[in-house]
Amino acid sequence: MKTITLALISFCLLFILSGCENTKKSNERLPSDITKKSVKNEASKIQELTIYQSADWSIINNGITGKCITPYLVEHKISIDCTPCRKLRWVYTFHINGSGQLLKMEKDDKVMECNLNKEQIKELENLIETYLKKQIMPLSLHNTIFKAGIGFTLKC
């Protein structure tokens, strides 16, 4: 009985070890630059935000509204209301590096129904970009390229 048990254990160990060797050999056959290229290609694609990333972005957008947009509108005596300013929204493609810093943001669209002139809109856009470049993005957004909105649209 002991002989059968020892033989069975030996066979299982041999099977497990040979399985690890096969996995190791199959990994060795893949050149490391193939793995790097596939990761690089994935990172260059625009991602759709997950629920967690959307929640993190919502917090960032609230910060932009509270620290950039609202103070700017107050300074220029424009109230956020259905008549003077009911839509102030941009859509950007954001490029975030592995440290959570904004590398660049590309404007894809803007919807404005607000009493701001072109110069004021440009000034506000620069203010928002400066604010975002000083921020460290949440971990869920590190190493991503994604589209997201900034601003607000009131339902009037």
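Reader: Which pattern of helices and strands does the protein follow when read along the sequence?

Author: Read along the sequence, the pattern is α-α-α-β-β-α-β, made up of four helices and three strands. Helices (H or I, at least four residues) and strands (E, at least two) are DSSP runs, numbered from the N terminus. This is a predicted model, in which local features need pLDDT of at least 70, side-chain atom pairs count only at pLDDT 80 or more, and totals for chains, interfaces and linings use all residues. Residues are numbered from 1 along each chain as its sequence is written, and side-chain values use heavy atoms, with hydrogens and water left out.

The part to look at is the disulfide, meaning a pair of cysteine sulfur atoms within 2.5 Å. The count by this rule is one: cysteine 85 is joined to cysteine 114, with 2.0 Å from S to S. The link between cysteine 85 and cysteine 114 is left-handed, at -100° about the S-S bond. Cysteine 85 belongs to strand E1 (residues 85-96) and cysteine 114 to strand E2 (residues 102-114), so the pair ties together parts 29 residues apart in sequence.

Both cysteine 85 and cysteine 114 are buried, that is, under 20% relative accessible area (1.4 Å probe, protein chains only). Cysteine 68 also counts as buried, because its relative accessibility is 2%. For the protein as a whole, 29% of the 156 residues count as buried.

Methods:
Buried < 20%, exposed > 50% of the residue type's maximum accessible area, 1.4 Å probe, protein only.
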